[in-house]
Amino acid sequence: MKKQLLVAVILAAMATMQAHAGALDDGNLSISGFGTVGVAKSNSDTAQFSRYNQSEGVGDSPRIGLDTNLGLQATYKINDWLSGTVQVLSRKGPEGNFGTDLTWGFLKAKISDEVSIRVGRVAVPTFLISDYQNVGYANTMMRPPIELYAQNPIENSDGVDINYQRAFGDLNLTAQAFVGVSRGKLYIASNTTTIAEYRAPDAGISVTGEYGPFVFRAGHARANLEINDLTALNALGNTLNAIGFRQLASDLSFRDGKKIAFTSLGMTMDWNNILLQSEYAQRRAKEPVYLADTNSWYAMAGYRVGKFVPYYAHASVKGAGSSVTLPATLAAAPATLRGAINSLVSSQEQTTDLVGVRWDFAKSMALKIQLDRVKPKAKSGYLIHTPAAGTTKDVNVVAVGLDFVF
């Protein structure tokens with residue numbers, strides 16, 4: 001009943017806002033929004049497929065929580081050089097229910113035609129599509145590939161950023177630098193489910209170039225990620241402390257904050273009905289911590305035929321080593337303890353092949369159908385609620401989504 005009510009509310013909001021969008025802009029105030037009504041199912045109830053930071057995925061019965069969301073955005077122009085923007089987003093998150101978060105909330109000062117400064121909550125520009133990754137209508141695929149977009153849990157930051165834009169002939173260049181603090185909740189998928197709160201002072205830079213049908217983006221961000229309530233990890237640390245492995249307990253933990261770096265390169269091309277999109281990223285721990293280093297990438301190709309865009313993509317994530325050096329004396333520890341530590345510091349691994357089609361059947365609306373073949377490898381990949389022994393069985397996920405903007 002709750003799911004049906006949510007769909008009804010989203011559809012009603014879409015229709016009302018579309019009908020009155022023009023009346024909501026008085027020259028200074030503009031209101032817009034976006035959303036997706038999606039239904040998905042897989043061929044497995046043994047392990048669930050989910051977006052990153054969702055504690056409930058999809059199984060062998062249709063569910064709406066995977067892709068359904070609703071976002072609203074308001075911008076008010078205070079004067080010629082100062083404006084304010086607020087964006088809220090409702091979606092399913094780490095606690096298993098639909099919640100609403102403030103995703104943007106900033107004052108923007110236009111210093112010159114080329115330079116602007118924003119103060120408040122902004123999107124962290126670490127991905128190719130960071131600014132619009134939750135806007136289904138703005139993307140060809142139904143969702144960003146989890147293999148890459150799960151590598152950085154931080155979506156927004158409270159602080160300040162500076163933006164520089166300039167045209168060099170046919171090349172439009174945008175540079176952005178930010179510094180702030182990110183806070184939020186993380187779903188930790190393990191045999192002992194944990195919802196953890198994190199705090200992360202962060203900073204980074206991105207550079208975007210647009211040249212004809214091409215867009216290129218490079219981003220780098222660093223965060224000092226602090227998490228104190230990882231129950232299973234804290235219990236393991238207490239055990240290690242009790243038997244004399246104090247340094248290893250400290251190395252594994254996020255309790256005192258650990259520095260993590262994330263770097264990505266991406267591009268899109270929209271030329272003569274050919275659509276290409278690709279991204280490569282690396283996550284690296286700059287201090288010892290249990291979270292493994294990773295390399296991830298995806299590539300998508302599509303072709304526009306009238307109002308239809310069939311597309312195919314492949315995505316992959318693999319481990320790139322561990323920042324933790326296990327002491328030689330650990331060999332004398334109980335086998336169960338050694339096994340738990342080795343499992344903890346090893347990396348997840350997964351690939352996905354997906355095919356889909358997008359149909360722009362009406363103004364500001366698109367219907368998508370997508371089939372993902374998910375191939376979990378080490379540590380069950382990014383599937384959740386897996387058997388204790390793990391799984392490497394392929395999972396097929398089919399989804400249908402209606403994207404809209406207003």
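With which side chain does the side chain of Asp161 make a polar contact at 2.8 Å? The partner is the side chain of Gln176.

## The surroundings of Asp161

Asp161 belongs to strand β6, which covers residues 156-168. With a relative accessible area of 1%, Asp161 is classed as buried, because the cut-off for that class is under 20%. Besides the contact with Gln176, the side chain of Asp161 has a polar contact of 2.7 Å with the side chain of Arg118.

When neighbours within four places in sequence are left aside, the residues in contact with Asp161 are Ser116, Ile117, Arg118, Val122, Gln176, Ala177 and Phe178.

The predicted model contains 4 cavities of 30 Å³ or more. The largest cavity holds about 120 Å³ of space. Its lining comprises 13 residues, and those nearest its centre are Gln87, Trp104, Ala123, Ser130 and Asn134. By residue class, the lining of the largest cavity consists of 5 nonpolar, 6 polar and 2 charged residues.

The second largest cavity has a volume of about 60 Å³. Among the residues that line it are Thr36, Arg51, Asp67, Asn69, Gln133 and Asn134, together with Met141, Met142, Arg143 and Pro144. This second lining divides into 3 nonpolar, 6 polar and 3 charged residues. Asn134 takes part in the lining of the largest cavity and also in that of the second largest cavity.

## Aromatic pairs

In total, 8 aromatic pairs are counted. One of them joins Trp104 and Phe106 in a tilted arrangement, with 6.2 Å from centre to centre and 50 degrees between the planes. Trp104 and Phe106 are both buried. Trp104 also lies among the residues nearest the centre of the largest cavity.

A further pair is formed by Phe254 and Tyr290, whose ring centres are 5.7 Å apart. Their planes meet at 85 degrees, and the pair is therefore edge-to-face. Phe254 is located in the loop between α4 (246-252) and β10 (258-271), whereas Tyr290 is located in the loop between β11 (274-285) and β12 (294-303). The pair therefore ties together parts that are 36 residues apart in sequence. Phe254 and Tyr290 are each buried. Elsewhere, Phe127, Tyr149 and Phe262 make up one aromatic cluster.

Notes. Residues are numbered from 1 along each chain as its sequence is written. This is a predicted model: local features need pLDDT of at least 70, side-chain atom pairs count only at pLDDT 80 or more; totals for chains, interfaces and linings use all residues. Side-chain values use heavy atoms; hydrogens and water are left out. Helices (H or I, at least four residues) and strands (E, at least two) are DSSP runs, numbered from the N terminus. Buried means under 20% relative accessible area, exposed over 50%, partly exposed in between (1.4 Å probe, protein chains only). A polar contact is a pair of N or O atoms within 3.5 Å; within protein, one must be able to donate a hydrogen and the other to accept it, and residues adjacent in sequence count only if both atoms are side-chain atoms. Contact means heavy atoms within 4.5 Å. On a 1 Å grid over the protein atoms alone, a cavity is a set of points where a 1.4 Å probe fits but cannot get out, and a pocket is an open set with protein on both sides within 12 Å along at least five of seven lines; lining residues have an atom within 4 Å of a point. Grid points are joined across faces, edges and corners, and a volume is the space filled by probe spheres set on the points. Ala, Val, Leu, Ile, Met, Phe, Trp, Tyr, Cys and Pro count as nonpolar, Asp, Glu, Lys and Arg as charged, and the others, Gly among them, as polar. Rings of Phe, Tyr and Trp (its six-membered ring) pair if their centres lie within 6.5 Å; planes under 30 degrees apart count as stacked, over 60 as edge-to-face and the rest as tilted.
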